[in-house]
Amino acid sequence: MLVKAFASAVHGVDARTITVEVNSGGQPVVGTNYYHLVGLPDSAIREGFQRIEAAIFCRGYRMPRAKTVVNLAPADIRKEGSAYDLPIAMGVLAASGQINGDRLGEFIIMGELSLDGLLRPIKGALPIAIQARKEKYRGIILPKQNAREAAIVNDIEVYGVENLEEATDILNGHSSLQPVQVETRDEFFSNLSNYEVDFSDVKGQQNIKRALEIAAAGGHNVILIGPPGAGKTMLARRLPTILPPLSLQEALETTKIHSVAGVLASNAALVTTRPFRSPHHTISDVALVGGGSNPMPGEISLAHNGVLFLDELPEFKRSVLEVMRQPMEERRVTISRAKSSVDYPSSFMLVSSMNPCPCGYYNHPDKECVCGPGVVKRYLTKISGPLLDRIDLHVEVTPVSYDELASDERPTETSKDIAARVVSAREIQAQRFSGMNIHSNAQMPGRMVQEVCKIDPAGQILVKKAMEKLQLSARAYDRILKVARTAADLAGSEKILIEHLAEAIHFRSLDREGWAG
């Protein structure tokens, strides 16, 4: 008997429907060579036969001992992962007449089986559900842990099952399970911008707070330079709290990427806060930008619509940092293979931190640097010039004194207060770039900078002197104008004033002579 079940394969952040054809019958086969799997399956799918057989027996069904052929169509696409266990098992049971197969064509079925017939969660439930609705399937059957994630897609029935029996009951038509319901907008707005940290926790550091406010308002990349314990990581972790809240479309985009990567929390529905990713400096090129034999999103894509924090930037391998340059410019990463290529979005804010030297105390107000001559310069040259040019704000972080920590009882601004100014500045930019695929000043192409960031003669003299003294590149010149434009937007000024330019130049610490060697 031939039956067809339907599963799904995730390719990038999209899904493609896979037909699971099962033909079982004919003469009984002596021995164990009765199960044949074709259609370019990987090892995880081939090994699934042992799991499927054990799960079927454990749940009171039988594995047919007649020749059984399973084909995963289209046969020219490689299938990967253990999530095909459940659709294959359902197809085998229907082909052998143990369950009713009439309703198999109404559902997309996915899930990994354990030996006792329980289901384990899968990756990519959200794009699978989106594709199922697009192709007008009635519903989707998948592990219970993934049900809320898939249920944010409206107009499709989502059944979260715990074991093989619950899945067969749905097809047999006598299940008491109800489709999982998630009110997408209620879920989104009830958890929006629910962060555990806040800028009100930070005492002092007004200069750094101002720099991060400018970075958030214009979407600028930033590097924090300072000695150990000065608060670089603490400040960076609070940056997402002052970014504009995610829109529903951004939340869906971000959730899709996290779903495909398998890092979405169990029973989660939507990502409602800006992502903050902080990979260790031992990370590989592939782990950072994505890739592998089955291309998966890397850290830069997991940070999409959020913040990528690289702590101790000079300790990262140079090849890792250099491979990140193009995705920073294009805001997407393309992973090419012999037969296909995958695009992952990677529109993130880069926040990095570093010690000023190997010992950490160069330019420290109290402690003396013990690094030898030329060591500081060699340490800084671990970061390439082209990468530094892509970082708009270079901010020197000085430690807060004990007296300031203990005696400063003045109320500090909350993230909500700062975010309100950031949102106002972003609204100005939204009007400025209306109708263009540009969302912030940092994304302005070079041809627009001269038009949008016009400065008066006094400002031109100031920038010229800064360019000559700091020996800035043309790209750094554009960065200064963009940052000055953001400072003007925060002040509600239509024109870039000389104080806005001075502030932008001030935040180029690594270009100053004192840091050059």
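A residue is termed buried when its relative accessible area is under 20%. In this predicted model, Glu 299 has a relative accessible area of 14% and is therefore buried. Glu 299 belongs to helix H12, which spans residues 299-302. Beyond its neighbours within four places in sequence, Glu 299 is in contact with Arg 277, Pro 279, Ile 283, Ala 287, Leu 288 and Leu 308.

In soluble globular proteins, nonpolar side chains tend to be buried together. The largest nonpolar core in the model comprises 69 residues, and the most contacts inside it are made by Tyr 35, Leu 86, Ile 88 and Ile 141. Helix H3, covering residues 85-95, supplies the largest share of this core, with 8 residues. Apart from this core lies another, of 52 residues, which includes Ala 211, Val 397, Val 452 and Ile 455.

When residues up to four places away in sequence are not counted, Ile 88 touches Val 20, Val 22, Tyr 35, Leu 37, Ile 45, Ile 52 and Val 70. Ile 88 also takes part in the packing of H3 against helix H2, where Gly 48, Arg 51, Ile 52 and Ile 56 of H2 meet Asp 85, Ile 88, Ala 89, Val 92 and Leu 93 of H3. By class, 6 nonpolar, 1 polar and 2 charged residues form this contact.

The axis of H2 (residues 48-58) comes within 10 Å of that of H3, and the two cross at roughly 55°. The crossing of H2 and H3 is right-handed.

How values were computed
Residues numbered from 1 in each chain as written. Predicted model: local features only at pLDDT ≥ 70, side-chain atom pairs only at ≥ 80, totals over all residues. Heavy atoms only, no water. Core = buried A, V, L, I, M, F, W, Y, C linked by side-chain atoms within 4.5 Å. Buried < 20%, exposed > 50% of the residue type's maximum accessible area, 1.4 Å probe, protein only. Helix = DSSP H or I, 4+ residues; strand = E, 2+ residues; numbered from the N terminus. Contact = heavy atoms within 4.5 Å. Axes fitted to C-alpha atoms, helices over the stretch in contact; angles between N-to-C directions. Left-handed = near helix turned anticlockwise from the far one by under 90°. Nonpolar A, V, L, I, M, F, W, Y, C, P; charged D, E, K, R; others polar.
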